[in-house]
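Here is a short briefing to read with the model open beside you. We will look at aromatic contacts, then at charges over rings, and finish with strand pairing.

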Amino acid sequence: MAEQGKIEALYNKLNAEAEAGGYHLNPDKDFTKELVNGLLVNEERYGYPACPCRLASGNKEADLDIICPCDYRDPDLTDYGACYCALYVSGEVLAGKKKLASIPERRPAAGLPKKPAFPVWRCSVCGYLCARENPPEVCPICKAKKERFERFL
Amino acid sequence: MTMNNVPGKDKGSVKLYALSTCVWCKKVKKLLNDLKVAYDYIDVDLLEEEAKAEAKEEIIKWNPPCSFPTLVLGDKKCIVGFDEGKINRELG
Ligand code: SF4
């Protein structure tokens, strides 16, 4: 268990960063702070904040995709309204319109090749470009909603 | 690899593979405690390398992506994730 002060400090930092980027932490603060504690424990244990709900190998290179925020956060937010741990939730979940449950693991079992190419989405308001399966819920630059994105490539 | 035993009602073999940092795993432990069933659990992230490899091998037999929590019932069934409905149906 990390010190309470450290948990609070990291919680506040993650919360501010999330809100500034169009993301949201899980509003269930007890739940979220337990995960923040997990991130601190892993930082101490491995030297990087590996996902609290996945078994890290301890080899940074092999764990890059599960350093929080992991590569799977955004597709899981799109498909399930929460990341695998439910540290991050979608606006819909935040507004209480959708209940959370644990979701399937998206990380490929070791040895599977990574997806080669992603489509590129363009924010029609500010021109922000991102290459990912689906556009983000909110444009991290100008905060335009998802429906203002168009497929660019 | 020895598991931690929590005493309670006998519902056959109930084995929980968990991570000490995972909140969904904690929810499964709490649900099993609330149901007062006897179970064995292990926090795989806290094990030494050898025991960790052994645990992973066991989990992969039931749940190939080796995700947590993995709950194995009676060496027959496996419930992956915090699936409250299923756990209640099987053990409630
Ligand atoms: S699942 Fe959530 S908490 Fe876990 S690494 Fe990904 S973003 Fe972080």
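This is a predicted model: local features need pLDDT of at least 70, side-chain atom pairs count only at pLDDT 80 or more; totals for chains, interfaces and linings use all residues.

## Aromatic contacts and strands

B:Trp24 is buried, with a relative accessible area of 5%.

**Aromatic pairs**
- Over all chains, the count comes to 6 aromatic pairs.
- One of them is edge-to-face: the rings of A:Phe31 and B:Trp24 have centres 5.3 Å apart and planes at 65 degrees, over the 60 needed for that label.
- That pair joins two chains, because A:Phe31 lies in helix H2 (residues 29-46) of chain A and B:Trp24 in helix H1 (residues 23-35) of chain B.
- A:Phe31 is buried too, at a relative accessible area of 7%.
- Together with B:Phe82, A:Phe31 and B:Trp24 form one aromatic cluster.
- The rings of A:Tyr46 and A:Tyr48 are stacked, with centres 6.0 Å apart and planes at 25 degrees.
- A:Tyr46 counts as buried at 16% relative accessibility, and A:Tyr48 counts as buried at 4%.

**Charges over rings**
- A:Lys33 lies over the face of A:Tyr11, 4.9 Å from the ring centre.
- A:Arg73 lies over the face of A:Tyr88, 4.7 Å from the ring centre.

**Strand pairing in chain A**
- Strand S3 (residues 120-123) pairs with strand S4 (residues 129-131) in the antiparallel sense over 3 bridges, and A:Arg122 stands opposite A:Leu129 in S4(A).
- S3(A) and S4(A) form a hairpin with 5 residues between them, and A:Gly127 in the turn has a positive phi of about 85 degrees.
- S3(A) also runs antiparallel to strand S5 (residues 149-151) of chain A, joined by 3 bridges, with A:Trp121 opposite A:Arg151 in S5(A).

Methods. Residues are numbered from 1 along each chain as its sequence is written. Chains are lettered from A and ligands numbered from 1 in the order in which they are written. Side-chain values use heavy atoms; hydrogens and water are left out. Two strands pair if DSSP finds at least two bridges between them. Helices (H or I, at least four residues) and strands (E, at least two) are DSSP runs, numbered from the N terminus. Rings of Phe, Tyr and Trp (its six-membered ring) pair if their centres lie within 6.5 Å; planes under 30 degrees apart count as stacked, over 60 as edge-to-face and the rest as tilted. Buried means under 20% relative accessible area, exposed over 50%, partly exposed in between (1.4 Å probe, protein chains only). A charge sits over a ring if NZ of Lys or CZ of Arg is within 6 Å of the ring centre and within 35 degrees of the ring normal.
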